[in-house]
Amino acid sequence: MYGYLVRRLMQFAVVLLLGSVAVWAFVFLLPGDPATVLIGADATEAELAATRARMGLDQPFLAQYGVWLGHALTGDLGASYYSGQPVLTELLDRIPATVQLAGFTLVLTLLIAVPVGIVVALRPYSVVGRVLQGYLTVGLAVPAFWLGLLLIIVLAVQLRWLPASSDFVPLWQDPGAALRSTILPAAAIAVHTSSVTARFLANSLGEVMGKDYIRTARAKGVPERDVIRRHAVRNAALPTVTIVGLQLGSFLGGTVVIEAVFNYPGLGRLLYTAIGERDYALVQGGVLFVVATFLLLNLLVDVAYGVLDPRIRLA
C-alpha cells in the first residue's frame, strides 16, 4: 500500500507541475495588458513601462513563470492587481463559502443518487423505476443555471420560502441560516450531479447483480437485503466513487454560473470577477488552487480504490 501511495504522490506532483505551466501559459496569452487596465488607457508610455517593470511583465515568459512558480511553492501567489491584497488571502476568504456549498451539494447528491440508482437497477420496469428513470433523463438535460432561476422564481419570489440572494452564513455559526442560504444553489447543482451519479450506480449495480458470487450468496440462503448491501452495492460503488470524486472537484471551481445566479460569495464568483477585471494574478492563483484541489481529490479517489479493491494497488 505504501508503494502504491508513493507512486500516486509522484504522479500528483508531475501533473500539478504541468498544470501550473498550462495555467500560466493560458493567462500569459490572454489578450490585453494588465498594466493598461490597472493604471488606465490615458497613461504615458513611461508610466506603462514602469508599471510593467514593477509587475514583472517586461521579463520573458520563462523568467516570469520561474519567478511565479518559486513564490507559489512557498505559498506566495502574488498580490491582486486591484485590491492589493495577497492572492492567497483573497482565496482563503472565499474558500469556506465554496466548501460549504460543495458539502451541501455532495450530501444532496448522495441522498438522491444512492436510493434512485438502487431502485432503477433492481426495479427498472416498475412504475417507480420508470418515474425515476424519467427524473434521471430530465436531470441530465436541464442546465443547472436554468433550474436555479426557476427555483428563485418559485421558492423565493412567489412563495417567499427562501432568500433569492445567498449570503454566506457559516454552518458552525447558525446551521438554520446556513441551510437557508445554501440550499437553493446546492439543489440546483445536485439535480444534475445526482442524475449522473445515479445512472453510473444503476449501470454498475446492474452488471454486478449478474455475477456468480451474487448467485452463490442467494443459493446459500443469504437474505436479499444483505446480498444487495454487503455484496452488490459495495462492488458497484467503485466506478461511483470515481464520478463522485470528479464532481466534488468540479464543485470547488466549476460553480461560477450558479454562484453568479445566486450572488453567492464563493470562489467561482471571485474568479468570475477577476476575469472581468483582468486581475491576472488572482486568476492564476485561483485556477492553480482549483487544479491542485481537483488533482488532490483524484488522488484520494485512487487511494479509496486501493482500499476498496486490493487488486488495484497490487497491480
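From the N terminus on, the elements of the protein chain run α-α-α-α-α-α-α-α-α-α-α-α-α-α. That makes 14 helices and 0 strands, where helices (H or I, at least four residues) and strands (E, at least two) are DSSP runs numbered from the N terminus. The model is predicted: local features need pLDDT of at least 70, side-chain atom pairs count only at pLDDT 80 or more, and totals for chains, interfaces and linings use all residues. Residues are numbered from 1 along each chain as its sequence is written, and side-chain values use heavy atoms, with hydrogens and water left out. Along the principal axes, the C-alpha atoms of the protein chain fill a box of roughly 85 × 55 × 35 Å.

The structure has 1 aromatic pair (rings of Phe, Tyr and Trp, the last by its six-membered ring, with centres within 6.5 Å; planes under 30 degrees apart are stacked, over 60 edge-to-face, the rest tilted). The ring centres of Tyr 65 and Trp 68 lie 6.2 Å apart and their planes meet at 45°, so the pair is tilted. Tyr 65 and Trp 68 are separated by about one helical turn because they are 3 residues apart in helix H4.

On the surface, Phe 145, Trp 146, Leu 149, Leu 150, Ile 153, Val 154, Leu 159, Trp 161 and Val 257 form a nonpolar patch. Its members have over 30% relative accessible area and no salt bridge, and nonpolar side chains (Val, Leu, Ile, Met, Phe, Trp, Tyr) are joined within 5 Å. A salt bridge is a side-chain nitrogen of Lys or Arg within 4 Å of a carboxyl oxygen of Asp or Glu. Together the patch residues have about 840 Å² of accessible area, by the Shrake-Rupley method with a 1.4 Å probe, only the protein chains shown counting as cover. Helix H7 (residues 144–158) gives the most to the patch, with 6 residues, while Val 257 sits in helix H11 (residues 256–261).

Definitions and conventions
Patches are made of residues with over 30% relative accessible area and no salt bridge: like charges are joined within 9 Å, nonpolar side chains (Val, Leu, Ile, Met, Phe, Trp, Tyr) within 5 Å.
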